[in-house]
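Please consult the sequence and coordinates below alongside the text.

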Amino acid sequence: MSPEISNQSLLFLIVFVVVPLSLSYFYQLGMSRSILTSSIRGTIQLFAIGYILTFLFDLNAYIGIPLMITVMIIIASFHARKKGRDLPYVLPTLLAGLIMIEVSVLSLWLLFDMVEFVPSEVIPMSGMVIGNSMVAMGLALERMKTEFAENNGRILAALSLGAEPKQASHLIVQRTLNAALIPNVDRIKTIGLVQLPGMMTGLILGGVAPIMAIKYQLVISLSIFSSVSLSAMFVTLVMYKHFFTKDKQVLESKEAFKEYSSRDNA
Amino acid sequence: MIEFKNVSYGPLKNISLSVDKQEIAILFGPSGSGKSTLLYLFNRLIDPEQGEIFYKGKPIDDFSITGLRQNVGLLLQSPNLFPGSVLDNLKYGPSLTGSWKEGDEKRLLEYVQLPQDLRDRDVDHLSGGQQQRVSLARTLANEPEVLLLDEPTSALDNNTAEEIEIVLKELIEEKGLTMVMVTHQLDQVRRMGTKGMFMNEGTIQETGGLPGMLDNPETLELKEYLEG
């Protein structure tokens with residue numbers, strides 16, 4: 001394999017864009033514009049992040065790493081917040097969760113000498129941990145909202161029997177965590193069998209011996225496994241409380257009930 | 001036993017009512033008149049915006065919320081059973097306070113006239129009528145003094161509905177319960193109640209003994225409703 005892809009070779013990547021473009025044209029899918037713009041946008045984004053990473057990797061580790069991790073956590077929190085914008089204290093919860101997870105994972109990596117405290121190792125690996133945690137938190141928020149809406153009657157029944165909000169939402173917390181963890185467990189189960197994980201592939205392409213690449217992959221896969229579990233659990237256990245008032249009443253059903261009655265009486 | 005003084009909540013305006021011990025009060029009227037809201041208010045699933053609610057002569061705020069909810073059982077319109085077996089559902093309330101005793105399910109299944117072999121049946125494998133009976137037994141498991149029933153038979157066929165009514169009447173007699181029931185079925189009002197409260201557009205428009213108030217309505221609204 002050539003050590004570097006030349007700019008000329010890179011230009012031929014256009015062939016890979018022409019294929020979906022032609023499909024869209026012949027089958028009149030109306031997606032030509034979005035295929036073109038997303039390809040151009042993706043290319044620009046990747047080059048931009050390439051230059052940013054080059055800049056960060058040249059910086060002192062004690063400046064570059066905290067700077068990039070802070071930016072990643074802020075962007076991830078704002079992105080995951082979209083899934084639960086209507087809930088109170090979502091942003092601080094997501095920020096706190098991501099900070100806690102990143103600090104714990106990074107501390108373990110450094111403590112057990114798995115990763116060196118240099119931007120070229122910490123930043124990409126932290127990016128994977130934060131990115132996956134962000135997705136898990138978003139999924140947990142979305143799932144929790146759906147579960148609360150679908151099980152409103154059961155929650156009211158549990159509260160009416162004298163349950164505390166924590167007891168009344170036990171089923172929802174359980175289902176939310178289940179939904180957030182199952183894809184993760186499946187991913188770990190089929191790791192290396194269905195497809196070679198991204199980091200390992202990258203390292204092998206970069207010339208690292210497969211066994212060494214696997215060691216790095218194990219570190220990142222299990223770190224992601226743990227952080228995704230933790231992030232889903234954290235966001236679920238903190239956020240379910242906000243579906244209730246201090247008087248142990250369901251916030252949403254209270255509003256819905258008032259609206260329903262007003263509408264019917266109108 | 002239960003008293004509402006000038007209670008307002010959303011479209012409910014200045015509701016005042018009282019229900020005595022062991023009385024069977026029926027709230028009836030057109031859909032959306034706020035009948036269910038009154039039950040929710042008394043179980044404290046919602047709180048009034050104005051006015052006060054009393055239980056045994058004391059404001060309901062004086063009771064602990066969970067304690068009040070256990071003492072004032074609410075049966076919702078749909079069974080809303082928890083996933084699991086009939087037994088899991090029956091022991092839910094008492095387990096919260098550690099008062100569940102092995103074998104209690106026998107008595108509860110008897111109350112609602114369900115066969116004992118349903119004890120371990122998954123609730124998803126029960127008929128609609130059986131589910132509503134389990135839901136009633138689950139509410140009774142807390143040994144409430146007051147039973148609030150939100151259209152408990154609206155989703156059931158006539159025969160099953162009448163069977164549930166018989167169960168309820170027997171329970172009230174046997175356990176000396178006070179009951180407030182919401183319904184919009186006039187034949188049910190006649191069969192079940194000792195006191196009637198006609199609700200329309202967020203207010204109680206007429207109160208009286210049953211079945212007398214159905215035979216001689218005083219307000220034009222009730223007359224129209226009965227004719228209608």
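The sections below treat the domains, the annotated spans and the chain interface in turn.

## Model and domain organisation

The structure is a predicted model. In chain A, the domain assignment places residues 1–58 in domain 1 and residues 65–265 in domain 2. The centres of domain 1 of chain A and domain 2 of chain A, taken over C-alpha atoms, are 30 Å apart.

Between domain 1 of chain A and domain 2 of chain A, the count of salt bridges is zero.

## Annotated transmembrane regions

An unreviewed UniProt entry lists "transmembrane region" for residues 6–27, 39–57, 63–80, 87–110, 122–141, 191–212 and 218–240 of chain A. Two of these spans can be described from the model. Residues 63–80 of chain A are 100% helix and 0% strand, with end C-alpha atoms 26 Å apart. For residues 218–240 of chain A, the composition is 96% helix and 0% strand, and the end C-alpha atoms lie 33 Å apart.

## Interface between chain B and chain A

Contact between the chains involves 33 residues of chain B and 25 residues of chain A. The area buried between chain B and chain A is about 2500 Å², with 59% given by carbon and sulfur atoms. Within chain B, the residues that lose the most area to chain A are Pro11(B), Leu45(B) and Arg69(B), which together account for 19% of what that side buries.

The rule finds one salt bridge across the interface of chain B and chain A. A salt bridge joins the side chains of Asp247(A) and Arg44(B), at 3.9 Å from N to O. Six residue pairs in polar contact (both at pLDDT 80 or more) are also found across the interface of chain B and chain A. At least two residues of the side of chain B that touches chain A come from each of helix 1 (35–42), helix 2 (65–71), helix 4 (92–97) and helix 6 (128–140) of chain B. Helix 2 of chain B supplies the largest share of that side, four residues. By class, the side of chain B that touches chain A comprises 13 nonpolar, 14 polar and six charged residues.

Conventions
Residues are numbered from 1 along each chain as its sequence is written. Chains are lettered from A and ligands numbered from 1 in the order in which they are written. This is a predicted model: local features need pLDDT of at least 70, side-chain atom pairs count only at pLDDT 80 or more; totals for chains, interfaces and linings use all residues. Side-chain values use heavy atoms; hydrogens and water are left out. Domain bounds come from an automatic or database domain assignment. A salt bridge is a side-chain nitrogen of Lys or Arg within 4 Å of a carboxyl oxygen of Asp or Glu. UniProt positions are given in the numbering used here, feature names are shortened, and annotations may be inferred rather than shown by experiment. Contact means heavy atoms within 4.5 Å. Buried area is the accessible area (1.4 Å probe) that two parts lose on being put together, summed over both. A polar contact is a pair of N or O atoms within 3.5 Å; within protein, one must be able to donate a hydrogen and the other to accept it, and residues adjacent in sequence count only if both atoms are side-chain atoms. Ala, Val, Leu, Ile, Met, Phe, Trp, Tyr, Cys and Pro count as nonpolar, Asp, Glu, Lys and Arg as charged, and the others, Gly among them, as polar.
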